[in-house]
Amino acid sequence: MTTATTTYLCIECPLGCRLEVDDAEGEIVEVRGFSCKRGAEYARQEHVDPRRTVTTTVAVSGSLWPRLPVKTAHPVPKSRVRDVCAWMRGARVAAPVALGQIVARDVLGLGVDMVATRDMPKLD
Ligand code: SF4
C-alpha cells in the first residue's frame with residue numbers, strides 16, 4: 001500500500017500548527033501535528049473537502065453607506081469561494097438590514113445562506 005503525506009497549516013487559531021495527513025489510497029491513516037481536537041478535525045476536513053467561510057460585501061440601497069458587510073452562515077467548498085464573491089458583487093439589498101439577517105438564501109445552490117455582519121439603518 002502506498003502512503004502519501006500532505007501538509008496543511010491549521011487556520012483555526014493564531015497558533016498556526018503545521019498539520020500532516022497520511023493518506024493510503026484515499027483513506028486517511030494518520031493525522032499529526034495538531035495541538036487540539038479542533039486542529040485534528042480541521043486536518044481531516046481540509047484533506048477530503050476543504051471549505052471556507054466567505055466574508056465580503058454587498059451593495060445596499062437606501063442607506064448612508066453603499067455596501068453592507070456580509071458572510072456565509074456556514075463554510076462553502078473552497079473551490080467555490082470566488083464564485084460566491086462574484087455572485088455577491090452582482091447582488092443588491094435594501095436598508096434597513098439587521099445584524100444576522102439573511103440577505104441571500106441558498107447562494108448558488110450551495111445550501112448556504114449569506115448573513116449581514118452589522119446593522120445597516122435606513123437613511124431618513
Ligand atoms: S491545532 Fe489547535 S492549537 Fe494548533 S492551530 Fe489548530 S486550532 Fe490552534
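Trainee: Which helix is Arg89 found in?
Mentor: Arg89 is found in helix H2, residues 81-89. Helices are DSSP runs of H or I with at least four residues and strands are runs of E with at least two, numbered from the N terminus. This is a predicted model, in which local features need pLDDT of at least 70 and side-chain atom pairs count only at pLDDT 80 or more, while totals for chains, interfaces and linings use all residues. Residues are numbered from 1 along each chain as its sequence is written, and side-chain values use heavy atoms, with hydrogens and water left out.

Trainee: Is Arg89 buried or exposed?
Mentor: Arg89 is exposed, because its relative accessible area is 59%. Buried means under 20% relative accessible area, exposed means over 50%, and partly exposed lies in between (1.4 Å probe, protein chains only).

Trainee: Which residues form the positive surface patch?
Mentor: Arg67, Arg82, Arg89 and Arg92 form that patch. Patches are made of residues with over 30% relative accessible area and no salt bridge, with like charges joined within 9 Å and nonpolar side chains (Val, Leu, Ile, Met, Phe, Trp, Tyr) within 5 Å. Lys and Arg count as positive, Asp and Glu as negative, and His and the chain ends are not counted. The place of a charge is NZ of Lys, CZ of Arg, CG of Asp or CD of Glu.

Trainee: And which residues make the nonpolar surface patch?
Mentor: Leu64, Trp65 and Leu123 make a nonpolar surface patch of about 330 Å². Accessible areas come from the Shrake-Rupley method with a 1.4 Å probe, and for residues only the protein chains shown count as cover. Trp65 is found in the loop between S5 and strand S6 (67-72), and Trp65 counts as partly exposed because its relative accessibility is 40%.

Trainee: Changing topic, how many salt bridges are there?
Mentor: The count comes to ten salt bridges. A salt bridge is a side-chain nitrogen of Lys or Arg within 4 Å of a carboxyl oxygen of Asp or Glu. One of them joins the side chains of Arg32 and Glu20, at 3.0 Å from N to O. That pair links distant parts of the chain, with Arg32 in strand S3 (residues 27-32) and Glu20 in strand S2 (residues 18-24), twelve residues apart.

Trainee: What does Glu30 form with Arg32?
Mentor: Glu30 forms a salt bridge with Arg32, and the closest N and O atoms are 3.4 Å apart. Glu30 is partly exposed at 38% relative accessibility, and Arg32 is partly exposed at 26%.

Trainee: What about Arg105 and Asp113, how do their side chains meet?
Mentor: The side chains of Arg105 and Asp113 meet in a salt bridge of 3.9 Å, N to O. Elsewhere, salt bridges that share partners join Arg18, Glu20, Asp22, Glu30 and Arg32 into one network.

Trainee: Where is Thr56, and why does it count as buried?
Mentor: Thr56 is in strand S5, residues 55-61. Thr56 is buried because its relative accessible area is 19%. Leaving aside neighbours within four places in sequence, Thr56 is in contact (heavy atoms within 4.5 Å) with Leu68, Pro69, Val70, Met88 and Met114.

Trainee: Last one: where does Asp119 lie?
Mentor: Asp119 lies in the segment after strand S10 (114-116). Asp119 is partly exposed, with a relative accessible area of 45%. Leaving aside neighbours within four places in sequence, Asp119 is in contact with Val97, Ala98 and Leu99.
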